[in-house]
Each structure stands twice: as structure tokens, then as C-alpha cells.
Amino acid sequence: MASHIILPKEEEEQEAGRGVAAEADHGPPETRGYRHMETAPKPLPFSATCVRISRDSYPNLRALRNASAMNLPDDDAAYIKLDEGDYGYVLDDVQHLTDYLPELPTFPNPLQDHPAYSTVKQYFVNSDDTVPEKVVIQKNSQRGVHFRRAGPRQRVYFEPEDVKACIVTCGGLCPGLNTVIRELVCGLSHMYNVNDIFAIQNGYKGFYSSNYLPMTPKSVNDIHKRGGTVLGSSRGGHDTNKIVDNIQDRGINQVYIIGGDGTQKGAYEIFKEIRRRGLKVAVAGIPKTIDNDIAVIDKSFGFDTAVEEAQRAIDAAHVEASSAENGIGLVKLMGRYSGFIAMYATLASRDVDCCLIPESPFYLEGKGGLFEYIEKRLKENNHMVIVVAEGAGQDLIAKSIPVADQLDASGNKLLLDVGLWLTHKIKDYCKSKKMEMTIKYIDPTYMIRAIPSNASDNVYCTLLAHSAIHGAMAGYSFTVGMVNGRHAYIPFHRVTSTRNKVKITDRMWARLLSSTNQPSFLSEEDIEEAREADRLANRPPLPAGTSEHTKKHSTSLLANGEK
């Protein structure tokens, strides 16, 4: 049953005049009949499809509803779909074509006649299947927020001969990009018999500045063995109107966008413009970031490969350091805002003596500082290995090397080289202490991101690509990702409104400190701030562009126990 989410009567009266209404949550297409070319039934009147929320309803739903549907620019409230169930169940749903094109016909899924899938016991996903955002709960916990489970549906909204799909890669390189491209092309062709698949070259600007190149399974047969992206990539170049104009002019009706959080924000804008124009186009985002900082999902593709390749650099640094008197091996790894690669590579190596990441501030001088630890470690072991994420220590560098902030084409702040800066600082300190020391600085950044994906990432890329295809054919627009081990369709705003970061109050970071024996570099105030940040990070996220009033309102909800 379709449902709208509305406020209780007294709050509804207060909201009168704001012109805010929550978007209808249409039932999944599988719940409709299975007659060929069946037309979706007309939606019931608003009064017949409302679900009224009482004051004691599930608090996450209240917070999500209030944070999502008040004072949002560009009618963002229309794109938030929440559905409430028993025992505090909340479905944070994705957009569907029938949200704005209710009369669309459906078709039988070609997979039902596919010989490869004929032996599968239950290949089609149940319409009520959802994936919980959190799986660790207490005895009396509410069921919590869920996402729609990814997978093939019995009814689809595109006939294979009518599909014109395009694929684009944006942002920096990452292991696995070519595997995702290959599996999108082969999946569309082999599973759904789609023939018109096109490559968008060199990122978003390729939509309006380059010719679209046709792709076939034969043309992408062995690209997964190469690093990089055969489509080319770039930062910036996003012009929503130009992009959608070309999608409309060329008759594209499925858009597959591979990129990080900035790219997914662009995909969200493209979808909103497509909806405004009433186009029958599905937009599927496949999140890509070597830093593993995409929110909600378990991990991003290419991360396992990056950690594995980082081991080579750490091994080399350890050999160099252990072969010299008072030798230090310093390795800089990727991690602009999140230190996951540095943390996991350190835990996997067991040769690292100190790991520095953006989430955990450190200081150089004084009791408990980095210099004191380096001196102690060299006296004990005669060598040491330091791993530093590229985003670590940027505040310290800014104090010693004042420079104006600069941004790249994606709007990211350009980072100063923490590895080079730290190398000079360590040299100067040892010289002042008259300590003999040899330091080797290794920066494997571009080697790591340019390699092909390993076996586990290849499998993961295949599953992501296939899940994206199934969702697009079923008429959804979404970002796809693995949540608690299950693939799910996630609303765009959920993966773009915040970042996944290492929690320094978590057991995983404690395991690292235990492995390296390094000091935490944290005061009691730092630890308390980290705990507060974790608490705020667990509240329902606000879509990008949320006003200050809405943020304050959501914070007040948390203060009253609603989170």
C-alpha cells in the first residue's frame, strides 16, 4: 500500500503555510500483477493512503522526517521516502519511476527464461525484502532503519530492445573500475539482452563534449586485467542541464555512474533534473573511493586491493629501516579524510611502529609526542616504520608553512605533502639531538590506485554491477552498496551527506594501538570530543543543502532523546 508520512494534527497545523509535503512511497513494482504489458494502477487519493504518525512513534522516523522535510532547498523533501512498519521498522526507500510516472507498463523479467538461472531456487527478490542498517541491537531495541534489498525483480520497467544505457567514470582512479565497466556491459547484454550500451568518455564533461562510443561484451572482454579506466576520467565538468539535455536528445534511459561522494552528488542532481522533466530514465550510482570513506556501505570496491598493495610499500620500508643503523621507513598512503587504508595496512603488516591518520590528531614535541616516541623506539629496536595517511597532520603543516587554501576541480582541498614535511621534521629533530639516523620516504600513492583489482575485489565489482543493472531495469534510481554483508539500494542523499571515518573510540583503533605500541597522542578532552562526534554521526543524516534551522532543529530532537 502506498503511504505518505505526515505530522500529528497539532504539528500539522504549525507546518501549514510552509508548503512542505512528504513524497508518496509507492509500493514496489513486484506487488502489481504479472500480466504482460500490465499498466500500473492509479494511486489512491491522498486521504486514503496516509499513515499518521503519533507522538510516540519510532523516534528515528520522527527525526528523519523532520530533518528531511523542513526548509530544504530545491524541493529536496520530495525525494525523501520513508515507510513505517511494526516494532519501530523504518524503510528509507529509493526513488522509482512510478513516483512521477504512475501509468508506466511493466514487463516480465527476461531472466525467468534464462537457462543459466533456471536451476536457482528463488532467484527473484521478494518485494518485502529489506536490509537493516544496523545488525547489533539490544533485547528491547526497535527494528531500526532498513534499505531496499538489491537483486532482480519479477517485473521490469524496460523492454530489452528499448534500453539505451550509458556508463561513465568520474574522479580519481581506483582498482576495479574496469571490472565494473566490463560487468555492466556483459551483464546488460547477457542477462537482459540489451544491445545499445554506450561509453561516456572522460567523466561528466563527456556527456556534452565527446561522442558516445558503443560497447559490446567483445570490446570489454579483457579490460578487467588492466588498471585505470578504459573510459577515461576527470574531475569537475558537471553541468546538470547540459548532461540531461544530451541524455534526453540521445534517448538514453539508463545511466550508470561510477565515482566517489562528489560524483554521487552529481548523480543525485542528474536524477532530480530527470524527474523534473518527467523522463523515463533510471540513474544507478556505483560508489567508488579508494579511501573507503563512502557512508553507510561496508566498504568500497578496490579497498582490499589497495590494502594488499600497500603491504609492498610497508615491506620495502621495513627492509630499508632494518638494514640501517637507527633506520626509519616512512610510508605515505592515501586517505584524505579517512585513514582506513593506513589502519588496515598497519594491522595486516605487524611491522609498523606508528600509524598516523586524519581522525586522530598528533603532536610532535613534548611529553608523549611523536619525537619522544621515535627516540624511544630507535633506542629499543634500532629501527622503526611509520605509516601516515595523506590527510593526517594538515593543521600542523599549516602552522609551519602558511599557504592559502586551494581546491581541485572536484572542490576538494589540496593537501600539503605530510610525508615530505614529516621527513624534514624528523631529520631536524635528530640533528638537534645529535642522533645518527637514516630515513627513507616512500610514496606509493599512484602505484596503488593504478593497479588492477585482486580476486576478491573482482568478485565484489561483479556483484555491484549486477545489482545496479537489476535495480535500473526495475525502475529504481539509487546508489548500490553492501550493507552488513547484503547488497542494497541506498538513497543518494544517504551516501553524500556524510563520510565514513575511522572511529578512534572503537575497538579496531584500540587493536592498532596495541599492535604498534604507539601513544594515542590524545588528551581526555580529545577522547571526549571523539565520543561526541561518534554520537552525532549515529544520528539520522541530513541531506546535502540542509538549512541551519533544520540542523538546529534536528540537534534539539537529539537533546530530547530522539535520535
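This note comments on the confidence, the sheet and the helix packing of a predicted model.

1. Confidence of the prediction. The mean pLDDT of the protein chain is 83, and 79% of the residues reach at least 70.

2. The parallel sheet. An open sheet is built from 4 strands, ordered S17-S18-S16-S19, with parallel pairing. The edge positions belong to S17 (354-356) and S19 (438-442); each has a single partner strand, so one side of each is left without a neighbour in the sheet. On average, and with direction ignored, neighbouring strands are turned by 15° against each other.

3. The pairing of S16 with S18. Strand S16 (residues 327-333) and strand S18 (residues 383-389) run parallel and are joined by 7 bridges. Within this part of the sheet, leucine 333 is placed opposite alanine 389 of S18.

4. Helix H9 on the sheet. Helix H9, which spans residues 370-381, lies across S16, S17 and S18. Relative to S18, H9 runs at about 145°.

5. Helix H9 against helix H11. H9 also packs with H11 (residues 418-432); the axes are 11 Å apart and the angle is about 65°. H9 is therefore classed as roughly perpendicular to H11, and the crossing is right-handed. On the H9 side the contact involves Leu370, Phe371, Ile374 and Glu375, which meet Leu422, Lys425, Ile426 and Tyr429 of H11. By class, the residues of this contact comprise 6 nonpolar and 2 charged, with no polar ones.

6. Helices H7 and H8. The axes of H7 (residues 303-322) and H8 (residues 340-349) come within 9 Å and cross at roughly 60°. This angle makes the two helices oblique, and their crossing is right-handed. From H7, the residues Phe303, Ala306, Val307, Ala310, Gln311 and Ile314 take part. Their counterparts in H8 are Phe340, Ile341, Tyr344, Ala345, Ala348 and Ser349. The contact of H7 with H8 divides into 10 nonpolar and 2 polar residues, and no charged residue is present.

7. Helices H3 and H13. H3 (residues 177-192) and H13 (residues 455-473) have axes that come within 8 Å and cross at roughly 50°. The pair is therefore oblique, with a right-handed crossing. H3 contributes Thr179, Val180, Glu183, Leu184, Gly187, Leu188, Met191 and Tyr192 to the contact. H13 contributes Asn458, Cys461, Thr462, Ala465, His466, Ala468, Ile469, His470 and Met473. In terms of class, the contact of H3 with H13 holds 10 nonpolar, 6 polar and 1 charged residues.

8. The crossing of H7 and H8 is right-handed, as is that of H9 and H11 and that of H3 and H13.

Note on methods:
Residues are numbered from 1 along each chain as its sequence is written. This is a predicted model: local features need pLDDT of at least 70, side-chain atom pairs count only at pLDDT 80 or more; totals for chains, interfaces and linings use all residues. Side-chain values use heavy atoms; hydrogens and water are left out. pLDDT is the predictor's confidence in each residue, from 0 to 100. Axes are lines fitted to C-alpha atoms, for helices over the stretch in contact, and angles run from 0 to 180 degrees between N-to-C directions. Angles under 35 degrees count as roughly parallel, over 145 as roughly antiparallel, 65 to 115 as roughly perpendicular and the rest as oblique. A crossing is left-handed if the near helix is turned anticlockwise from the far one by less than a right angle, and right-handed if clockwise. Contact means heavy atoms within 4.5 Å. Ala, Val, Leu, Ile, Met, Phe, Trp, Tyr, Cys and Pro count as nonpolar, Asp, Glu, Lys and Arg as charged, and the others, Gly among them, as polar. Two strands pair if DSSP finds at least two bridges between them.
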